[in-house]
Amino acid sequence: MRHYENLVIVKPTLTAEEIQSIIAGVEEIITSNGGEIAARDAMGMRKLAYPINKNERGYFHVVYYTVAPSAISEIERRFRINEELLRFVTIKYDTNREVKAWNQQVEKANKAASTPAKEEAAPAEAAAAE
Amino acid sequence: MSEKRKYKKRYCKYCEAKVDFMDYKDVASLRFSLSERYKIMPRRLTGNCKRHQDMITTVIKRARAAALIPYTVTRKAVVTAPYENLK
């Protein structure tokens, strides 16, 4: 098993639910090939640095996972078939140093996923106190 | 003025900060090694060591592929607000 990270950019023209279903499909591709998802980081809708297929914006989503190296070609082949994905970037974390960085990023992503709820709750309390 | 100072001192900024790994999604940290036209700055101007220059090169190329930073900035394809995505 090796550590990987995948960034996918989804078309901006879809509705929020469609984007979520496509991301679920992306994760399903990874898990069905024997991958274990460690963390996910939704970067959200962003402006692209340059237009891709005449799209100026895109929905960014990052998935951290471990999978056998032989499964990557199949995962990438399935990504290429999906027409709703504008772009995907697969990063391999190979050396000890990189794996350490991978663990840190997973930790950070998991933390970020759990904190927003608290942040939303805190201002509400502050508003109530006022 | 700040630009001038950047080229005068010759030490590796990344060695000083003890950077072991760079993340291509963190565009703000790549700014130091990019020119105004988003070219990779040469080592003779930034003072980076060979090891960190190699790291930053791969990281910048990954960020370009992920459409986080542009490949080129020309008069036709101007990036109006290149860092508006940054928080």
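Author: Let us begin with the contact between the chains, which takes 15 residues from chain B and 16 residues from chain A. The side of chain B that touches chain A divides into ten nonpolar residues, one polar residue and four charged residues. This is a predicted model, in which local features need pLDDT of at least 70 and side-chain atom pairs count only at pLDDT 80 or more, whereas totals for chains, interfaces and linings use all residues. Residues are numbered from 1 along each chain as its sequence is written, and chains are lettered from A and ligands numbered from 1 in the order in which they are written.

Reader: What makes two residues count as being in contact? What makes a residue nonpolar, polar or charged?

Author: Two residues are in contact if their C-beta atoms, placed from the backbone, lie within 7 Å. Ala, Val, Leu, Ile, Met, Phe, Trp, Tyr, Cys and Pro count as nonpolar, Asp, Glu, Lys and Arg as charged, and the others, Gly among them, as polar.

Reader: How many helices and strands does chain A have, and what makes a run of residues a helix or a strand?

Author: Helices (H or I, at least four residues) and strands (E, at least two) are DSSP runs, numbered from the N terminus. By this rule chain A has three helices and four strands, running β-α-β-β-α-β-α from the N terminus on. Chain B comes to five helices and zero strands, in the pattern α-α-α-α-α.

Reader: How do you know that β2(A) and β3(A) pair?

Author: Two strands pair if DSSP finds at least two bridges between them. β2(A) and β3(A) have eleven bridges, in the antiparallel sense, and therefore the two strands count as paired.

Reader: Why are β2 and β4 of chain A called edge strands?

Author: The open sheet of four strands has the order β2-β3-β1-β4 in chain A, with antiparallel pairing. β2 and β4 of chain A each pair on one side only, as edge strands do.

Reader: Why is Asn53(A) called exposed?

Author: A residue is buried if 20 or more other C-beta atoms lie within 10 Å of its own, exposed if 12 or fewer, and partly exposed in between, with C-beta atoms placed from the backbone. Asn53(A) has 9 other C-beta atoms within 10 Å, and so it is exposed. Asn53(A) lies in the loop between β2 and β3 of chain A, and its phi is near 50 degrees, a positive value in a residue other than glycine. Most residues other than glycine have a negative phi.

Reader: Why is Lys18(B) called exposed?

Author: Lys18(B) has 6 other C-beta atoms within 10 Å, and therefore it is exposed. Its place is in the loop between α2 (13-16) and α3 (27-30) of chain B, and the phi of Lys18(B) is near 55 degrees, also a positive value.

Reader: What makes a set of residues a nonpolar core, and which residues touch the most other members here?

Author: A nonpolar core is a set of buried Ala, Val, Leu, Ile, Met, Phe, Trp, Tyr and Cys residues joined through C-beta atoms within 7 Å. In the largest nonpolar core, of 36 residues, Val8(A), Ile9(A), Ile30(A), Val59(B) and Ala63(B) touch the most other members. β3(A) gives the most to this core, with six residues. Among the residues that Ile9(A) touches are Tyr59(A), Phe60(A) and Ala67(B). In soluble globular proteins, nonpolar side chains tend to be buried together.

Notes. Lists of a residue's contacts leave out its neighbours within four places in sequence.
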